[in-house]
Amino acid sequence: MKFSEAWLREWVNPEITTSELSDQLSMAGLEVDSVGAVAPQFEGVVVGEVLSVEPHPDAQKLQVCTVNVGRDENLSIVCGAANVAAGMQVPVACVGAKLPGGFKIKKAKLRGVPSFGMICSASELGLAESSDGIMPLPADASIGEDIRDYLNLNDQAIEVDLTPDRGDCLSMAGIAREVGVINRCVVSAPVIEPVAAVIDDAVQVEVKAAEACPRYACRIIRGINPTAETPLWMRERLRRSDIRSISPVVDITNYVLLELGQPMHGFDLNRLDHNIIVRQAESGEKLALLDGQEIELKSDTLVIADASGPVALAGIMGGEATAVTDATQDILLESAFFAPMAIVGKARGYGLHTDSSHRFERGVDPELQIKAIERATALLMEIVGGEAGPVIEVVSSEHLTQKPTILLRHQRVERILGIKIADDVIADILTRLEMQLEAADDGWMVTPPSCRFDIAIEVDLIEEIGRIYGYSEIPMSHAPSTMPMYSKPETTFDLHRAKELLVSRDYQEAITYSFISPEIQSLMDPQQQSVKLANPISTEMSVMRTSLWPGLVQTASYNQARQQSRIRIFESGLRFVSQDNEIKQENMLSGLVIGSACQEQWGQPGHEADFFDVKADLEAIFTLTGCADKFVFSLGEHPTLHPGQTAKIQRNGELVGWFGMLHPKLEQKLELSGRTYLFEISIDSLLDGRLPTFAPLSKFPSIRRDIAVVLGQDIEFEAVKNCIRQAAPKILTDIKLFDVYTGEKIDSGRKSLALGLILQETSQTLTDETVDDVMGNIVQALEKDLNAYLRE
């Protein structure tokens, strides 16, 4: 909600500065997001009157104007605007004036004719992004008055970021009420008198969805002046609230929206087909909206219809076919209350978000509709004229929200806030918040106003008292409570240490959204059923991730588009899997690597990161558990990863995670360049470690024996290692793989592995006979179990 401070001070004007006002609003729960000038800095611009306009003697598109700026002599100014005319009141930058951007006005000659200033457009003063011509001022503007004073451009625009439960403050009336309560001063709201009907014309209204629309009011106004213009004061208030001026009828409905908080709509009466019907849309119906797009309606959408079909999305946006145009003379004003649950999420479902839907989703005062339609009618009579018909109102009282009556106890207020507040102070606060009070034995019976949907129980009232009284006025006290510390078992996997380890290996941590698009979800994890959001932020964020990979891949694509060729990122977070009609949340640690294995340097030649570089990073993580040997990497298949470069990670036969190279087809679809390696492991009890135990170091020398064995191409090193471990006694302390060879003298479909076997005894020096026996047993086991033989 953005508003003009000067406009607010017409409602309520406490003797405080802008800064103090902002602090007050923020401390009261209406967080001020920004405070800024309503116009850029300029000086030397005054109100002038164009006395005459003559054609330029040497330029067809220029005119020579004589302008009265309240000085002894009139000014001669050359102007190129097509709309300049004698009798106009205009902003004039005199010689010496400084315009936005540092542009200084000097005496000049334009095609031989002297010019002593400049007649300004709104854009030249920074009051609009673009302008079609000179900015006209009202005829009552005082000649010679500084334009900043005349338009009150030393004003400030304040923007508040409201929580969803404070829809009552999405209006000037709501903000003024809060400021008035905080400062204990009177709020002077504009007097709104009913406008008497002078014609009997009315439309018949039928509400078929009373639960979604408990109150609907409308009024016919005939004979408005289609050539009338919105007055400057209203256009300025709209501009300072970031609303563009369109036409008098639209501007007035927007003005009432800002002033009172009631969204309204104006229909061209002559383009409506008889009666108004408020109903649910029928599946397959179509509606062309004011923004030009045509949508196909869903059956759960509330619409305003006539005899021919839908003419507006209720509470969201009007239809193009019945929109008010420059030729409209007869209108139908609409002012309705739509239940929040009937509107919430509907606008986003069509890719829309409007000021109306923003308010109806949060709740509009259900007793405001008649007041708003009378206010809009009075403004229309003043600005465009016309004849008003009677107000037609259809109400379903049973579906209107009933205001609760809440018992507020003295002792409860003191207990919750920790301070005793005088009864007269509490009563004054609640009364100024427009609540009705009746004395009770131990407090008050309080009825909140119809605009406060957020007040339902006693603590809601106490919260109101606390925030208005001022949290800073409540003394600090420390609760006397014990705070026991619960330590984690030492064997629990330490995610923080794992992150530090990855950072030390040149990774950077990323944080991505848990919401992703259905398209990338189906690409990256097609076998998992995703959880769809009932009320997504956007279609690109409408499902919950079943893996952290989509976010990392999108982050990598974003970085590659910005000339980053080496990317090493990781993320920890939840993934959401639909399982047995429940949403299972699992903590995951994932990573992505693209580009060179190490940063460019002179000390060693660079190489592209490969499968084994990423495997080494994972092994380093598993080392933190103290039982890295329990994690087994084996060949696997995953739809996201490249066949043949995919490994599943297991511990004790249970799946821990996956890693490998991104599938080339996905790499192409996701527009990634270079080989992309991914890993993802589950952070659960499978990563729990074991406590280290001390084993004395052997005093006796170790012996190394190297062998080269030839075996099947598809046999993994893990199988070889397990076979050797089972065949060898405890004196085999380590197995090192130092070469893999395929080529000459090696049969097709087979490979040669060069292994270094380290043997050491703890009680004596090993003899050649003992070592030979061990090596013989190992060779026999390899031959028997894996059909392997020693390479000659």
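How many positive and negative side chains does the protein chain have, and how far apart do the centres of the two sets lie? There are 72 positive and 114 negative ones, with the two centres 6 Å apart. Here Lys and Arg count as positive, Asp and Glu as negative, while His and the chain ends are left out; each charge is placed at NZ of Lys, CZ of Arg, CG of Asp or CD of Glu.

This is a predicted model, where local features need pLDDT of at least 70, side-chain atom pairs count only at pLDDT 80 or more, and totals for chains, interfaces and linings use all residues. Residues are numbered from 1 along each chain as its sequence is written, and side-chain values use heavy atoms, without hydrogens or water.

**Overall picture**
- Along its principal axes, the C-alpha trace of the protein chain spans about 120 × 85 × 60 Å.
- Buried residues (under 20% relative accessible area, 1.4 Å probe, protein chains only) make up 48% of the 792 residues.
- Take contacts (heavy atoms within 4.5 Å) between residues at least 6 apart in sequence: 69% of them join residues at least 24 apart.

**A look at Ser171**
- You'll find Ser171 in the loop between β11 (156-161) and α4 (172-183); helices (H or I, at least four residues) and strands (E, at least two) are DSSP runs, numbered from the N terminus.
- Ser171 is buried, at 3% relative accessible area.
- A polar atom of the Ser171 side chain sits 3.0 Å from the backbone nitrogen of Gly174.
- Leaving aside residues up to four places away in sequence, Ser171 touches Met1, Leu257, Leu258, Glu259, Leu260 and Gly261.

Methods. Buried means under 20% relative accessible area, exposed over 50%, partly exposed in between (1.4 Å probe, protein chains only). A polar contact is a pair of N or O atoms within 3.5 Å; within protein, one must be able to donate a hydrogen and the other to accept it, and residues adjacent in sequence count only if both atoms are side-chain atoms.
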